[in-house]
Amino acid sequence: MGHDGHSAKNRPLDELTITIVHDNYPCVELLKTAWGFSAYVVGGERRILFDTGSDGALLLENMAKLQIDPASIDVVVLSHVHGDHAGGLAGLLKANPRVCIYLPASFPAGVWDLVRGYGAAVAEVGEPQQICPNVYTTGVLGRRIKEQAMIVRTGRGLVILTGCAHPGVGKIVNEIRRQHPGDIALVMGGFHLEWAMSRKVRKIIAGFRERGVRCVAPTHCSGEKARERFREAYGQQFIEVGVGKTVTLADLA
Ligand SMILES: [Zn+2]
Ligand SMILES: [Zn+2]
């Protein structure tokens, strides 16, 4: 730290743009919805696609409409093996095999073979690790369904992306709180509360508050009722998202 010339390297990102390119929630006209989640993350040293949705053709079509070139992607992070997050991978690899895929070690051999078949690079994920400066994976969490979440360190605080949050979105936030210092500016993605009782949702919201989560953008498998609870609790800090929506640091007041 200090003004020794190394400090610039350690500085959190002062720019970040997250665009949802695959989601079951609509948002921007002309873009197609389908069950699943995928977000294009720009601002760090590498351009990252977090998850690939369920449908590769739809993913690429949406990206084209958003003028996002699949060839610009350097890294693909797959949160977990379910088809609504990893289903678009083959389509994406066909469009751009020159990516590095952050793959939980728990993924089945078929996916590893697919990735290697396209000649893509693989970074096996077990423990928490850095993807590039200011961008990290939580490492593989959860017992039954293994899943990783992604963390981006920004000048506005930590930005967290979840796929389905099968290990529990509250637990993921707790784990990140343990791994990284600093405020949590945003938790975005699938919160997996579709079938959760309202008491559980209230408890999770209370936990978010306690951990200082400033803004929320629940989508995909978060559940309509849970989304409403978050909207009520967070007011202006609830960010309504769906396919095509872009969130930048300016949105994280
Ligand atoms: Zn899932
Ligand atoms: Zn899902």
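**Entry 1**

I began with Arg 227, which counts as buried at 2% relative accessibility. For this label I took buried as under 20% relative accessible area, exposed as over 50% and partly exposed as in between, with a 1.4 Å probe and protein chains only. The model is predicted: local features need pLDDT of at least 70, side-chain atom pairs count only at pLDDT 80 or more, and totals for chains, interfaces and linings use all residues. Residues are numbered from 1 along each chain as its sequence is written, chains are lettered from A and ligands numbered from 1 in the order in which they are written, and side-chain values use heavy atoms, with hydrogens and water left out.

I then looked up the salt bridges (a side-chain nitrogen of Lys or Arg within 4 Å of a carboxyl oxygen of Asp or Glu). The structure holds 9 of them. Arg 227 forms one with Glu 240, and the closest N and O atoms are 3.7 Å apart. Glu 240 lies in the loop between helix 8 (224–234) and strand 13 (246–248), while Arg 227 lies in helix 8, so the pair ties together parts that are 13 residues apart in sequence. Helices (H or I, at least four residues) and strands (E, at least two) are DSSP runs, numbered from the N terminus.

Glu 240 counts as partly exposed, at 40% relative accessibility. I found a salt bridge from Glu 240 to Arg 231 as well, with the closest N and O atoms 2.7 Å apart. Arg 231 is partly exposed at 27%. Through shared partners, salt bridges join Arg 227, Glu 228, Arg 231 and Glu 240 into one network.

**Entry 2. Helix 2**

I turned to helix 2 (residues 56–65), where Glu 61 and Lys 65 are 4 residues apart, separated by about one helical turn. Their side chains meet in a salt bridge of 3.5 Å, N to O. Glu 61 is partly exposed at 31% relative accessibility, and Lys 65 is partly exposed at 42%.

Which residues of helix 2 are buried? I noted Gly 56, Leu 58, Leu 59, Asn 62 and Met 63. Seen down the axis of helix 2, these buried residues fall within an arc of 165°, so they line one face. The arc is that of the directions from the helix axis to the C-beta atoms. On the other side of helix 2, Ala 57 and Ala 64 are exposed.

**Entry 3. Helix 6**

I looked up the buried residues of helix 6 (residues 169–179) and found Val 169, Ile 172, Val 173, Glu 175 and Ile 176. They fall within an arc of 160° seen down the axis, so they line one face of the helix. The face turned away from the buried side carries the exposed residues Lys 171 and Arg 178.

**Entry 4. The positive patch**

I found a surface patch of positive charge that gathers Arg 143, Lys 146, Lys 171, Arg 199, Lys 200, Arg 202 and Lys 203. Patch residues have over 30% relative accessible area and no salt bridge, and like charges are joined within 9 Å. Helix 7 (residues 198–210) gives the most to the patch, with 4 residues. Lys 200 lies in helix 7 and is partly exposed, with a relative accessible area of 47%.

**Entry 5. Thr 137**

Lastly I checked Thr 137, found in strand 8 (residues 135–137). Thr 137 is buried, at a relative accessible area of 1%. The C-alpha atoms of Thr 137 and Ala 250 are separated by 24 Å, and the two residues are 113 residues apart along the chain.

Technical notes. Patch = residues over 30% accessible without salt bridge, like charges linked within 9 Å, V, L, I, M, F, W, Y side chains within 5 Å. Areas by Shrake-Rupley, 256 points an atom, 1.4 Å probe, with all protein chains shown as cover. Lys, Arg positive; Asp, Glu negative; His and termini not counted. Charge placed at Lys NZ, Arg CZ, Asp CG, Glu CD.
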